[in-house]
Amino acid sequence: MISPRSDAPLAQDSAVAAFARGMLTAWRSVFAYVLFGTYIGIGALAHDFGFSVGWMVLSTVLIWAAPAQVILISTLGSAAPIDTALAVSLSSVRFMPMVVALLPMLRDARTRTRHLLVPTHLTAISVWAEAMRLLPALPRDHRIAFYNGLGTGLITPAITAGAVGFYVAGQVPVVFAAGLLFLTPLSMLMSIARNSRTLIDRMALALGLVIGPLMAATKVGLDLMWTGIIAGTIAYAVHRLREALQ
Amino acid sequence: MSTAVAQLGPYLALILVGFLPNEIWRLLGLLVARGLDEESEIVVWVRAVATAILAGVIAQLIVTSTGALAAIPLAVRVAAVVAGFLAFLLIRRSVFAGVAIGEAVLILGALALPP
């Protein structure tokens, strides 16, 4: 349900306060630290593949997706442009269902599409996972400003760490570098598990964990999209069946 | 085969081969979400699909690792994620505790069992 429109315009200071609250939430989130670690690894990778520090910073601002950036950095110098573009794109299919699930929570009756462009771009797994948990408790007219603050608060450590990693490249032992790369799957798994309070979420998570590697092993192509559709639909069907039986 | 950097230079390659193929999915989401209600059945289904895709990404990052992580045996990676998840469940669903334990098991396992 879209909440009834409030006639009072949102006061400027309360939008600023919601943005600031989003940024504070970001810095108290485990993701700020996890992203810092992850992007140290990616910055070091960019250095090793011969990109400049400015290029690394711009890639985080524009792409803001760790798996896509790793693919781009490691293949840009060796693969044909179309192959790299396709690999990047396939790694980012997740953003479409994430944005579709998010935007109805952000909007109210006064929201224009242009108000949603910044939140759409700032959407990444970390921001999305925190927002899906925290947004329902917030008044609807504060949500966009809060989300923009949260996204800004999480992209900032990533941008900074990308530059730091660029300069510490080569000084990081292999085991430590592996530990940095392991931060992403570990923290993603637990934050999504923390968000999963309902049967449908828990089933989608558990089935996706099992079906994902199976689909990758079959080499059908678009394996993540198929994982999402198969596991998500089974979880949804079980949820509907259980509702029908109650 | 001519590479993207050789043909376009690093910055144009970043826009055409990195930014646009990535951003297209966010913008498609923006287009599709128009007029959809938070409680509608389609959004409930899409949310399950998004969660399952993320789970698939996580599992693939652990199982088919690249870079420095590929140098660590699969058994150590799986043991680390299981230990981290158990710690998360036992210690008040704390993501921080789970990440710390998972990382500790990964690094100790890698030092104890070199490939």
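The model is predicted: local features need pLDDT of at least 70, side-chain atom pairs count only at pLDDT 80 or more, and totals for chains, interfaces and linings use all residues. Residues are numbered from 1 along each chain as its sequence is written, while chains are lettered from A and ligands numbered from 1 in the order in which they are written.

Start with the two chains. In chain A, 79 residues are in contact with 72 residues of chain B (C-beta atoms, placed from the backbone, within 7 Å). Helix α10 (residues 174–195) of chain A gives the largest share of chain A's side, 19 residues. Helices are DSSP runs of H or I, at least four residues, numbered from the N terminus.

Chain A itself is divided into domain 1 (12–195) and domain 2 (198–246), with bounds from an automatic or database domain assignment. Their centres, taken over C-alpha atoms, are 24 Å apart. Seven residues of domain 1 are in contact with six residues of domain 2. Here too α10(A) supplies the largest share of the domain 1 side, three residues.

The table gives both sides by class. Ala, Val, Leu, Ile, Met, Phe, Trp, Tyr, Cys and Pro count as nonpolar, Asp, Glu, Lys and Arg as charged, and the others, Gly among them, as polar.

| Domain 1 of chain A, touching domain 2 of chain A | five residues | one residue | one residue |

In chain B, helix α3 (residues 41–63) has 23 residues. Of these, 19 are buried (20 or more other C-beta atoms within 10 Å of the residue's own, placed from the backbone).

Conventions. Helix = DSSP H or I, 4+ residues; strand = E, 2+ residues; numbered from the N terminus. Expected span 1.5 Å × (residues − 1). Buried ≥ 20, exposed ≤ 12 C-beta atoms within 10 Å, placed from the backbone. Contact = placed C-beta atoms within 7 Å.
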